[in-house]
Amino acid sequence: ERAAMIQLPNPWGCSVLYDPCAGSRAASRQVEAGNRGWAPGSSVCSAGTVWIRRTVSTSSPQALPTSKNDPKFKPLLKPDILAQAKEEAEKERAEMHDSKEDPRMFQKGRPEYRAVSYNKFELTEALSVEEGDAILRSISACKDHESPEAVAGYFRQLSCLPAERHAALWSDPRFSSLCRGAVRNFTAFSTPQLIEILKALVRVAAPAVHPVLRACESEFCRRAWDMDVEQLLLVADCWRCLERSAPSYLSILFSFANMHWKDLTLPQVVQLIYIIGEGRRSPPDLMQKLESLILKYLDSFTLEEVGAVCLGLFKSVSGISDHLMKKIADRVALQMEDMSSYALVNVLKMLRYSRMDHLLLLKQLGKVIPPRIPAINIQGIMHVALACSSLHYYNEDILSAIAMALPSKVTYCRSKDAAKFLWSFGCLDYEPPNEEQFYSSLIEQMHRKLHEFEKFPEHLLTGLLGLAFVQRFPAELIDLALSAEFVRKTRESKYELGKDLLTLGKSVEIECPGYKGSRLSPQISEEITEMVLNFAKEEIYVRPEIVEAVSLLESMLGGPEYVKSHMLLPHTRSSDLEVRLALDGHPIPFNVEGAAAHKQLGDIGVDLTDDLLTQLIKGRPGSQAPTETGGEAKAGGQERVEAARTQSSLGASDLGARLKVLPKSYGSLEPLFPLAPAQQPREVKLALQVSNRNHYCYCSKRLLGLHSLKRRQLRQLGYVPVELPFWEWFPLLKRTRSEKLSYLHYKVFSPALLGAAG
């Protein structure tokens, strides 16, 4: 067999590798991957259908590697190249998510969907180019004298032209004349004829903004109340296939369904929820009725239909009752092995949105999903990882399977995917077996996707926070994220990203003192810190478990000057109870402001009595933690409140230029751990952590990434974190005062703490 590598007598020692798939996306990825694996000194350039690779020889600059002078040389044969290109193309097809067609897979499960949805695989009689041209000539000759039936027939016939002729059809003046004539006489068409024309327009890929579609939508809106539900759903499905939003038509459809909801059949319910999801609209009154229909048909749904319903609810941001979500989760948990991965991922999306921790489903997920991970596309894997982190579910089998599969798929990641992977693994504080390969591949992909961060700045912050949780600080990316122009971009985002900026900026200050790049400005830092502290005063410091601990510590230590309830690290979004002890174990007074405030409180006749504390904690379940809200819940920046804007002299073009020229050294900053103290400390500073359930992984005592970061940074600043974990402290809230005091005394005056400090 002839070798596909062509050796040229080139003085620079080049070889030409023939690639029959050059120019295709698969080939470009193949070459890109190959380029990354070549030794320093290699170079690649494209020349039509050949790739020229420069090879370096130690013996002679003009020598070319051959099987005679290089025992490791193995020429690539043409069949090998073709097989490799085919494999790469198949891999790319498997990784590509079709957001238009994938959600419609459920429609293949029942014949009833043919009446309510457009079927692109519907058999039609092919029309040759010559026959199409003959029809267009007859249209030109007949002008406006054709009947509605004939005009509908022309549209149907011309839509059967080969797909490659569709673009030319829209530029043909004869077809444009047909469209204009139809628009003028739309009122004369029957509803089935008008639907036939709309389906033909879908087949020929009509532009979403074409005037014929605008007129068609207006006519369907006019006659919608005279149509039946199947016709209404079919037309709505055609709008989706054409990627036309049609808000007026959908409003009429939803009103019709709201009036006739009791008559909706199972396929009509699922198709309607699909339409609602694709339109990203959620009419509240209709959704309540659909929820009762979902419960009615739930046991009769196929598993693909269960996934379709969950996806529609998720896309439309439709909140459903915990009862319904539990029913769905119950069924999925029992039949998960028979469910497609795509449908299962859609259920996980809704489970994540509902914040429901269904233990049986999660345990079953840990058995079913790991073997499937290599075959799931990258976006599906991302949603599995994100579901685990959002639900705080730590499962090594799932996370390890994701980590092992990801490096070979990482080039298919969008910026969003890479960021969510980093966030998920950091949130769960998981170190995969291939830790270095996993993180380096994702950081490299973040560099490749720099251009996307100008439009989606939240993705860069999400990824960097996930890395910070596990003590990884890529210098160039941090320099970009904290630059003035990028900070300005985050302030213009629809998301509230200020607290994420603060967490990143302060973490770099504490853990990377050698960092020389951009920093968050003092003005912005103070502004965001003030916002966090104001929230803490209203929502965190007043929580019964914290109020009770403060009161008891004051009694035990000798007064309010010995304990301070505040945030030592506001960027970590949770509170601390600070206590200071001398090396001999005696408490040290330091909270002057607290003592003054207590005196003022006493002057106006208000005391923190046992009765008041009992009222504060009355009715709280002993084993449950309060649900976290606001900034303490997570560091993902998902609270959607517009932050105050900041002025900057740098324009959007400056940011774009910066994104393009960022160096790709992928350097990382080395975190600095506690320095050797210059002198022996004269006191022990305790930071008591009154934690709750949302600080830990689900059903475990494993801290989440943000809270591990906080304790790490407290130690670096000289504090000793002391845990009052919820599984110990919350049950004590219902016990006697002496039992609580005894517990706190043990925690504060632990000999191990003083011994370690001494």
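Is tryptophan 239 buried or exposed in this predicted model? Tryptophan 239 is buried, with a relative accessible area of 1%.

**Figure 1. Edge-to-face pair of phenylalanine 220 and tryptophan 239.** This pair belongs to a total of 18 aromatic pairs. The ring centres of phenylalanine 220 and tryptophan 239 are 6.4 Å apart and the planes stand at 85°, so the arrangement is edge-to-face. Phenylalanine 220 is in helix 8 (residues 211–223) and tryptophan 239 in helix 9, 19 residues apart. Phenylalanine 220 is buried, with a relative accessible area of 0%.

**Figure 2. Edge-to-face pair of tyrosine 696 and tryptophan 727.** Here the centres lie 5.1 Å apart, with the planes at 70°. Tyrosine 696 belongs to the loop between strand 9 (683–690) and helix 31, and tryptophan 727 to helix 32 (residues 726–732), so the contact ties together parts that are 31 residues apart in sequence. Tyrosine 696 is buried at a relative accessible area of 4%, whereas tryptophan 727 is partly exposed at 29%.

**Figure 3. Salt bridge between arginine 104 and aspartate 237.** The structure contains 30 salt bridges. In the one between arginine 104 and aspartate 237, the closest N and O atoms are 2.6 Å apart. Arginine 104 lies in the loop between helix 2 (78–95) and helix 3 (129–142), and aspartate 237 in helix 9 (residues 229–241), so the bridge ties together parts 133 residues apart in sequence. Both residues, arginine 104 and aspartate 237, are buried.

Figure 4. Arginine 712 and glutamate 511 meet at 2.8 Å, N to O. Lysine 710 forms a salt bridge with aspartate 576, with the closest N and O atoms 3.0 Å apart. Lysine 710 and aspartate 576 are both buried.

**Figure 5. Helix 22 (residues 457–469) and glutamine 471.** Helix 22 has 13 residues and spans 19 Å from its first C-alpha to its last, close to the expected 18 Å. Of its 13 residues, 13 are buried, so helix 22 is largely enclosed by the rest of the structure. Just after helix 22, glutamine 471 adopts a positive phi of about 60°.

**Figure 6. Charged ends over aromatic rings.** The charged end of arginine 580 sits over the ring of phenylalanine 590, 4.6 Å from the ring centre. For lysine 685 over tyrosine 719, the corresponding distance is 4.5 Å.

Key:
Residues numbered from 1 in each chain as written. Predicted model: local features only at pLDDT ≥ 70, side-chain atom pairs only at ≥ 80, totals over all residues. Heavy atoms only, no water. Salt bridge = Lys/Arg side-chain N within 4 Å of Asp/Glu carboxyl O. Helix = DSSP H or I, 4+ residues; strand = E, 2+ residues; numbered from the N terminus. Buried < 20%, exposed > 50% of the residue type's maximum accessible area, 1.4 Å probe, protein only. Expected span 1.5 Å × (residues − 1). Phe/Tyr/Trp six-rings, centres within 6.5 Å; stacked < 30°, edge-to-face > 60°. Lys NZ or Arg CZ within 6 Å of the ring centre and 35° of its normal.
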